[in-house]
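Here is a short briefing to read alongside the sequence and the 3D view. Take a look, then follow the points below.

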Amino acid sequence: MSNLTIRGARKAYGATVALRRGDLDLREGEVHVLIGSNGSGKSTLCKIVSGSVRPDAGEVLIDGKTVSIDGPRAARALGLATFYQELSLAAHRTVAENISLPELPGKGGFFVDRERLNGIAERYIRRFADVAGEGFSADARVEHLREDQRQLVEIMKTLATEAPILIFDEPTSSLDRSQVERFFEVLRELKAQGRAIIFISHRMDEIFAIGDRVTVIRDGETVGTSLISETKPASIIHQMVGESELAVTNGAPPAAAEVKTEAVLSVAGLSAKGFVNVSFEVRRGEILGFGGLHGQGQSAVLRSIFGVNPTDQGTIHIKGEKRTIRSPREAIRCGLAYISGDRGRDGVVHGRPILENVTPIHFLRNKLSLVRPGSLRERAAKPLSALKTRFAGYDQPVNALSGGNQQKIVIARWLIDRPDVLLLDDPTKGIDLQAKTDLFALIRSLAAEGMGIVLYSSEDAELLANADRILVFNSGSVSRELTGADRTRYNLYHAAYEAA
Amino acid sequence: MSAIETGTSQRPGLAALVERFPFLPALVILLALLALNGWFQPNSLGFRAITGLISTYLALMMLSVAQTYVVYAGDVDLSVGAILSLVNCVIIVLMERWGGGGIAVLMACALGILTGLACGLLNGFVVAVLRLQAIVATFATSIFFTGIALYVLPVAGTPAPTIYWRTYGGRFFEIPFVFYVVAALAIVLVMATRARLTTQMLAVGDDAFKAFQGGLPVTAIRLKGYMLCGVFSALAALCITGDTASGDPLVGGAMTLYSVAAVVLGGTALSGGRGSVVGSVLGALIIGLISSLVFYVGTPSQWQNLVQGLAILLALMLGVMVTRRVQR
């Protein structure tokens with residue numbers, strides 16, 4: 001069995017440093033918890049160990065010997081196996097095949113040994129058979145399984161490597177109580193066998209139920225490692241927030257805007273894929289923040305309200321009127337606007353001139369078909385200059401602009417005809433600091449003019465600085481609402497990790 | 001293993017069946033076409049006519065199998081027709097130069113298959129190792145291969161040795177030679193579905209990045225897919241040489257997209273990850289039967305292309321509709 005040590009690992013993507021100084025000391029026979037807020041670098045650290053990211057500096061040692069991990073295959077050869085948060089399963093293959101991939105048991109070097117394949121699968125399925133639920137079997141195809149069942153397959157696939165060092169990156173995010181308990185039983189057995197296990201979770205109770213030691217990462221640096229038995233949730237969150245941060249934000253969160261007007265958007269009991277029973281109200285003049293760790297349902301809620309994804313249950317009232325929204329077109333006609341951080345997918349019309357990129361919503365809302373370019377330019381000019389957009393001419397293709405300016409074009413498109421509600425889905429992804437400042441100034445002034453704004457941001461600092469209220473999401477539902485002086489980083493992490 | 005049975009029985013019977021055997025819709029279309037052929041021309045279901053159909057379309061069957069192996073992994077090969085032409089020219093020239101005896105024919109065939117393998121290796125290198133777009137890269141290599149074919153045999157028409165086409169068109173123990181080839185192909189394909197490489201290729205086709213993260217040697221697997229494709233393209237060339245009994249540097253050009261059509265008709269997803277080689281063989285036969293049906297129905301010659309195109313379109317729609325309905 002093996003010990004794993006990481007010293008001074010560093011990784012930068014262009015100018016952004018994802019990991020500044022990652023240190024980790026993993027011993028055999030322990031479950032080592034890795035914890036840190038959004039973008040703190042814990043995933044990057046995991047990816048370095050699993051071989052999908054190569055560090056710029058630092059070293060990785062196994063049993064005291066420096067090793068170089070050139071890729072996932074090299075990692076496997078060194079005895080490292082990884083549970084991937086986004087899963088590494090082939091959807092059209094069976095459970096049994098996925099468990100044994102990539103090392104399918106062979107017969108005569110050429111054929112798959114079906115008997116052994118099923119034998120291996122049965123060995124791991126058996127452990128979870130009574131908690132896996134309906135339709136889970138060795139020859140079921142992964143595409144037909146539920147999300148929690150797929151996660152179980154990925155767990156089994158990781159276990160089937162029988163590697164001495166196992167890395168679990170959020171293995172329990174979709175599992176139910178009984179599945180988690182069974183998984184922990186298995187982890188305890190592996191621990192007793194002397195395996196070394198890295199465990200990442202966003203549930204504080206799980207961390208304390210299974211962990212032996214915990215390493216906290218903040219802003220790309222390892223802050224420290226402590227024994228779980230000698231620490232408590234509050235002090236872990238203290239470490240994640242940092243002393244200096246605590247002193248500052250505990251003093252005075254930015255004043256919330258005075259809002260007493262009627263609700264412009266109210267959502268009640270909304271459920272769909274990715275979230276359950278979400279209810280909230282946004283008033284005119286208010287910026288409502290969505291917070292928490294990545295992918296806890298924040299984006300899914302916004303996309304469902306805007307009609308991108310279907311909803312299963314719940315009601316949406318806009319300006320007091322009940323609305324059923326089945327497509328983005330309907331949402332736009334109801335007075336909603338949606339701006340995504342994923343400009344490439346949701347925002348920009350690639351290769352087309354700026355003018356065309358600013359005006360599609362204007363066309364839709366006014367049912368226009370033929371327009372003089374001159375009059376369109378006049379209409380486009382005002383929001384573009386309000387946003388301080390830098391561009392050479394309206395006929396310039398939008399791709400010629402920087403990310404920040406592209407995002408301004410996308411925002412400008414909603415400002416020719418003012419919407420009532422602005423849904424912002426992590427809008428500052430990949431744009432520079434100046435553009436961010438401009439953007440938030442604009443959002444605040446739009447709110448002041450009477451728009452209701454929902455802001456999801458994966459950057460906690462942005463959220464704390466700009467939102468009047470914050471709903472913290474955890475596993476697809478709102479775990480806490482932060483208002484007034486409660487809007488501190490400490491409370492945000494506390495709620496995000498569901499610390500008791 | 002009782003759990004296994006409950007797993008499949010949860011899906012409706014037909015859906016589970018089509019999922020297990022994705023070529024079933026193609027098989028139904030094929031049988032319908034056979035019936036239609038028989039209706040318009042009873043002789044077309046006779047032994048002689050079926051033998052003729054198979055000797056003509058065996059090359060396309062092989063070529064469709066070749067295409068399937070790259071489509072499995074989410075790739076495509078637009079050079080299969082050019083590889084076929086090149087191998088056709090290479091073996092014709094070699095057999096002529098070496099005197100056309102039995103040994104010469106076998107040697108030429110072996111070298112032809114090696115040529116196909118080399119072409120596949122080049123395609124795989126360009127697509128999987130250098131990571132160029134499969135469609136564009138293999139389109140470029142197809143022009144390159146055609147260029148070599150024109151160098152090897154500048155003018156069409158050099159005949160194949162008598163022993164070669166007599167064997168291909170002949171009979172052994174009263175059974176036509178092509179039937180043995182079909183039987184051998186069937187055995188190879190059934191064996192291949194059980195191969196580790198097939199499962200690995202399909203896993204890569206599902207999601208190449210996930211497969212890479214999961215530890216599969218993605219580049220090597222795609223490379224092997226292209227090499228297999230090259231070998232089966234060469235086998236297709238051996239068949240077409242037997243059928244036409246001559247060399248032609250441009251013989252395969254039009255067949256490339258037919259092979260893609262046959263793959264899709266057979267129920268294989270062009271996006272990769274799902275499908276069957278058997279389906280592709282059936283797809284090639286469907287294309288063959290459509291051509292003969294158009295002829296038997298008595299379509300005027302100037303309308304034959306139009307009707308044939310519409311019929312292929314119709315078959316595609318039927319297959320896709322059935323598959324989609326079942327997958328819901």
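Chain A falls into domain 1 (4-247) and domain 2 (263-496), with bounds that come from an automatic or database domain assignment. This is a predicted model, in which local features need pLDDT of at least 70, side-chain atom pairs count only at pLDDT 80 or more, and totals for chains, interfaces and linings use all residues. Residues are numbered from 1 along each chain as its sequence is written, while chains are lettered from A and ligands numbered from 1 in the order in which they are written.

**Between the domains of chain A**
- The centres of domain 1 and domain 2 of chain A, taken over C-alpha atoms, are 34 Å apart.
- Each of the two domains of chain A gives 10 residues to their contact; two residues are in contact if their C-beta atoms, placed from the backbone, lie within 7 Å.
- On the domain 1 side, α8 (233-241) and α9 (243-251) of chain A each supply at least two residues.
- α8(A) has the largest share of that side, 3 residues.

**Between the chains**
- Chain B and chain A meet through 24 residues from chain B and 24 residues from chain A.
- On chain B, the elements that give two or more residues to this contact are α1 (2-9), α10 (196-206) and α11 (208-213).

**Chain A overall**
- Chain A has 19 helices and 22 strands; these are DSSP runs numbered from the N terminus, helices being H or I of at least four residues and strands E of at least two.
- The C-alpha trace of chain A spans about 75 × 55 × 45 Å along its principal axes.
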